[in-house]
Amino acid sequence: MKSFFDAVDKIKPIYDVAYKIVLFICKLLLVADILITSMSVLGRYVSFVPDPAWSEEIVLTLMSYMAVLSAALAIRRGAHIRMTALDVYLPKKLLKILDLLADAFIMVLAFVMLIVGWQYATTLGAKASYVSLPKLSKFWMYFPIPIAGFAMIIFELEAIYNHIKGFFIKGEDK
C-alpha cells in the first residue's frame with residue numbers, strides 16, 4: 001500500500017502549482033481592487049483624476065472572485081473555521097472519519113457550485129449586463145462561483161486523499 005501512496009504523492013507538485021496559480025490570481029485581483037478604489041476615491045476630490053462610473057461594480061465583482069477563490073485556498077491549508085472543542089474527548093480514528101466525512105460534504109458543495117454556478121452564469125448572467133457598463137455581461141459576476149467550485153474540487157481531492165492516506169500510513173495526517 002505504501003508504494004501506491006508513494007506513486008500518488010508524486011503529483012503533489014501539481015497541487016502546489018495549482019495553489020500558487022490561484023494565490024497569484026487572488027493577489028492580482030487585490031491589486032486591481034486597490035488601484036480602482038484609489039482612483040475612484042481620488043477622482044472625487046482631485047479634478048484631473050477620473051472617477052469612472054463603473055468602478056463600484058467592478059470592485060465588487062473582483063471582491064467576489066477573491067472571496068470564493070480564497071475559500072478554495074483555505075481548503076488546501078485546512079484553514080476553515082471548525083468546531084474542535086470536543087476533539088480531545090473523541091478517539092483519533094473517529095476524528096479522522098469525521099474529517100473525511102466533512103471533506104466529502106465540502107466536495108458535494110464544490111460540485112454544486114460548479115454545476116449550478118455555471119448554469120446561473122450562462123443563463124441569468126448572460127442575459128443581464130452591468131448598469132454602468134452595459135456592454136459587459138453579468139456572466140462575469142456569476143463566473144467566480146463555478147471557478148471556485150472547480151478549485152475546491154481540486155483541493156478537496158488532495159484533502160480526501162491525505163485523510164485516506166492517514167488511515168493506512170501511520171504518522172501521515174497531512
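This is a predicted model: local features need pLDDT of at least 70, side-chain atom pairs count only at pLDDT 80 or more; totals for chains, interfaces and linings use all residues.
Which residue forms a salt bridge with Asp16? Read on from point 2; here are my notes.

1. Residues are numbered from 1 along each chain as its sequence is written, and side-chain values use heavy atoms, with hydrogens and water left out.

2. The answer is Arg76: its closest N and the O of Asp16 are 2.6 Å apart. (A salt bridge here is a side-chain nitrogen of Lys or Arg within 4 Å of a carboxyl oxygen of Asp or Glu.) Arg76 sits in helix 3 and Asp16 in helix 2, so the bridge ties together parts that are 60 residues apart in sequence. Helices are DSSP runs (H or I, at least four residues), numbered from the N terminus. Arg76 is buried at 17% relative accessibility, whereas Asp16 is partly exposed at 24%. (Buried means under 20% relative accessible area, exposed over 50%, partly exposed in between, with a 1.4 Å probe and protein chains only.)

3. The whole structure has six salt bridges. Shared partners join Lys12, Asp16, Arg76 and Glu158 into one network. Another bridge pairs Asp9 with Lys165 at 2.5 Å, N to O; Asp9 is in the loop between helix 1 and helix 2, Lys165 is in helix 7, and 156 residues separate them. Lys165 is buried, at 8%.

4. Now helix 2, residues 12–45. (The expected span is 1.5 Å times one less than the number of residues.) Its buried residues, including Tyr15, Tyr19, Cys26 and Asp33, pack against helix 3 and helix 7. Contact, by the way, means heavy atoms within 4.5 Å.

5. Aromatics next: there are ten aromatic pairs. (Rings of Phe, Tyr and Trp, the last by its six-membered ring, pair if their centres lie within 6.5 Å; planes under 30 degrees apart are stacked, over 60 edge-to-face, the rest tilted.) Phe5 and Phe168 make a tilted pair, 5.9 Å centre to centre with 35° between the planes. Phe5 belongs to helix 1 and Phe168 to helix 7, so parts 163 residues apart in sequence are tied together. Phe5 is buried at 2%, but Phe168 is partly exposed at 48%.

Definitions and conventions
Helices (H or I, at least four residues) and strands (E, at least two) are DSSP runs, numbered from the N terminus.
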